[in-house]
Amino acid sequence: MAADPAGRAAARAAELRALLQHHAHRYYVLDQPEIPDADYDRYFQELQAIEAAHPELLTADSPTQRVIGQVLDGLTPVKHALPMLSIRTETDTTAAGAEAFDARIRRELGLADDAPPVEYNAELKFDGLAINLRYEDGLLVQATTRGDGETGEDVTHNVRTIGQIPLRLLGSAPPPLIEIRGEAYMRRDDFERLNERQREKGGKTFINPRNTAAGAIRQLDSRALADKRLSFFAYGLGDVKGWAQPPTHSATLDAIAAFGVPVNADRRVVQGAAGLVAYHEAIAARRDALPFDIDGVVYKVNSVALQQRLGFVSREPRWAVAHKYPAQEQATRLNGIAIQVGRTGKLTPVAKLEPVFVGGTTVSNATLHNVFELRRKGVRVGDQVIVRRAGDVIPEIVGRIPAPRPAYVPNFRMPRECPVCGSRVLREKGGIDHRCSGGLFCAAQRKQALLHFAGRRAMDIEGLGDKLVDQLVDGGLIRTLPELYTLGLAKLAALERMADKSAANLVAALDQSKNTTLNRFIYALGIRHVGEATARDLARHFGALDRVMDASVEQLLQVPDVGPVVAQSIRSFFEQPHNREVVEQLRAAGVHWDEHAGSETANAVPLPLSGKTLVLTGTLPTLTRDEAKALVEAAGGKVAGSVSKKTFAVVAGEEAGAKLDKARELGITVLDEAGLQALLQQGG
């Protein structure tokens with residue numbers, strides 16, 4: 001006999017909760033999704049409908065309960081069952097810091113010089129906010145901040161919105177009680193996207209990922225997290241009942257990961273001081289490439305028995321230490337503000353700083369982005385400011401240190417004339433950027449235009465680098481792009497530090513560059529908003545340069561992925577008589593290409609990926625980014641720099657970031673390297 005409707009609903013709700021929990025773990029923690037987002041959303045909506053029709057079936061661990069919108073009157077203090085102790089910090093950022101910790105541990109354990117090395121677990125020191133997750137019978141019942149170590153604040157309403165944190169632990173027999181401790185943080189790409197959105201709408205930008213994450217977690221209204229994607233890594237335990245902890249810290253972290261809570265993979269079991277030093281140096285070399293901020297590494301005696309033997313001192317565990325890296329934020333004085341003119345004519349205010357060592361290097365300049373950003377930060381010459389450098393990001397001023405100014409200092413104003421060529425400075429209506437109107441007449445733009453033109457992905461003129469371009473432009477030998485091809489051995493050999501052989505090699509490279517392709521030539525012109533992918537689309541669509549030059553905005557909009565802004569930029573570029581003159585002079589100098597090679601009408605038989613757009617992200621196992629791109633293009637496909645609804649597939653490798661997230665959000669197919677190879681072989 002068939003089950004009653006209520007029974008069927010209960011069974012289906014339980015099935016959907018298990019299904020959604022499984023796929024959420026694959027997505028958020030393992031980064032190995034098994035189904036597209038559309039399927040997940042369908043399951044989610046089905047569960048919502050069942051719970052709406054049968055409220056008695058709603059459970060606290062239901063995926064539908066990751067609500068955003070709860071508003072509190074205040075954060076409730078919570079006394080920790082076990083104190084959340086801090087770890088002592090080793091301020092010596094050299095190898096000596098690791099060696100000193102190992103020497104202390106050996107001394108306190110009474111180990112002889114010839115005794116075997118101590119085993120440690122080495123892990124990253126995340127730059128975020130410490131959180132205690134309390135699970136009872138596998139269900140998340142409370143999340144609290146560290147607070148003063150004895151008492152924290154209840155932030156369950158916000159932590160429940162973090163997709164990486166399971167509402168119910170994996171496994172059929174979870175502990176009756178387990179507290180899992182870790183760090184809530186914000187990835188760099190999520191932070192940059194957040195600030196970019198803030199700039200676009202003229203809002204306040206955030207100082208750094210750590211402060212942003214910490215502030216978001218402590219908001220009373222969980223809606224404040226809607227545009228702030230937070231992440232989480234576990235690093236240890238709090239109170240535990242009814243569960244036997246493994247004998248080592250490393251095994252404990254493995255057990256936490258098995259419960260479905262994310263644990264960072266960059267942890268290692270190492271032996272003695274030598275192992276600690278090697279780990280510290282290895283992570284230092286990779287620090288800038290990590291997708292999140294760290295300010296050091298943490299060493300912990302791996303044996304739990306030895307941890308208990310060593311005990312605590314001054315509310316700090318004797319068996320652990322944080323070994324710091326050089327700071328990535330430092331205070332210094334703003335001595336002045338200069339203007340930098342870029343290749344496209346954009347004027348960027350640049351802070352001239354009292355030199356300061358930050359992020360492993362000495363910084364004397366930092367970007368201020370634009371005048372509106374500068375005003376929002378309230379920065380003026382003479383102020384003490386905070387400069388930040390993270391990864392390979394250009395150093396920037398994140399704010400001023402509040403203090404009375406000794407005298408009135410006026411707000412900085414953008415110049416009306418270009419500081420390089422004297423041309424009028426303009427700002428597009430509704431835009432935030434100021435630009436020089438001098439074009440190729442501006443020496444700053446001329447230098448950058450020449451470097452762009454000579455680039456490997458443009459005309460590929462080997463040997464034409466920054467210093468040589470400086471000499472050519474500053475010496476008046478070149479004023480326009482076509483004049484590159486008038487350079488001869490005599491002119492080049494007369495330049496400083498230019499030997500006869502180097503001059504001959506450059507002349508040969510210039511001659512070789514004349515034989516190019518239409519898409520490379522279009523890209524080399526440096527049209528604003530036209531990158532490699534758009535240049536390739538234009539070449540394929542029109543097949544001939546004159547057709548591109550004469551195309552109307554409406555005709556340009558027929559090109560895949562060309563929108564109104566790009567179309568207007570191309571049209572405006574070719575409407576300028578001096579730009580058309582440059583093109584004709586380059587042709588007259590002998591620059592040529594097969595007009596119809598690669599155009600949409602050139603191939604009678606469609607290639608496997610013809611008309612398909614792919615996006616590459618992360619590091620592939622065997623292919624470099626350029627090799628993968630070449631394979632896609634050889635098969636008729638296009639490699640775009642960003643994910644959109646028109647993207648056919650995203651090829652993702654290790655440490656894939658925002659592009660992979662966007663693909664999942666849009667339900668776009670995600671492939672690994674093997675999937676790409678199969679796609680190429682099977683013709684899509």
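**View 1. A polar contact of the Y325 side chain.** A polar atom of the Y325 side chain lies 2.6 Å from the backbone oxygen of H280. The model shown is predicted. Y325 sits in the loop between β13 (320–324) and β14 (329–341).

**View 2. The surroundings of Y325.** Y325 counts as buried because its relative accessibility is 6%, below the 20% cut-off. Leaving aside residues up to four places away in sequence, Y325 touches T93, Y279, H280, I283, A284, R287, I294, D295, G296 and V297.

**View 3. Y325 and E183.** The C-alpha atoms of Y325 and E183 are 18 Å apart in space. In sequence, 142 residues separate Y325 and E183.

**View 4. The buried side of helix α12.** Helix α12 spans residues 466–474, and its buried residues are L468, V469, L472 and V473. These residues lie on the same side of α12 because they cover an arc of only 125 degrees around the axis. An α-helix has 3.6 residues a turn, so residues three or four places apart point the same way. The buried residues of α12 pack against α11 (443–454), α13 (489–493) and α14 (500–513).

**View 5. The exposed side of α12 and the residue that follows.** Which residues are exposed on the other side of α12? They are D466, K467 and D474. After α12 comes G476. The phi of G476 is positive, near 75 degrees.

Terms used:
Residues are numbered from 1 along each chain as its sequence is written. This is a predicted model: local features need pLDDT of at least 70, side-chain atom pairs count only at pLDDT 80 or more; totals for chains, interfaces and linings use all residues. Side-chain values use heavy atoms; hydrogens and water are left out. Buried means under 20% relative accessible area, exposed over 50%, partly exposed in between (1.4 Å probe, protein chains only). Helices (H or I, at least four residues) and strands (E, at least two) are DSSP runs, numbered from the N terminus. The arc is that of the directions from the helix axis to the C-beta atoms. Contact means heavy atoms within 4.5 Å. A polar contact is a pair of N or O atoms within 3.5 Å; within protein, one must be able to donate a hydrogen and the other to accept it, and residues adjacent in sequence count only if both atoms are side-chain atoms.
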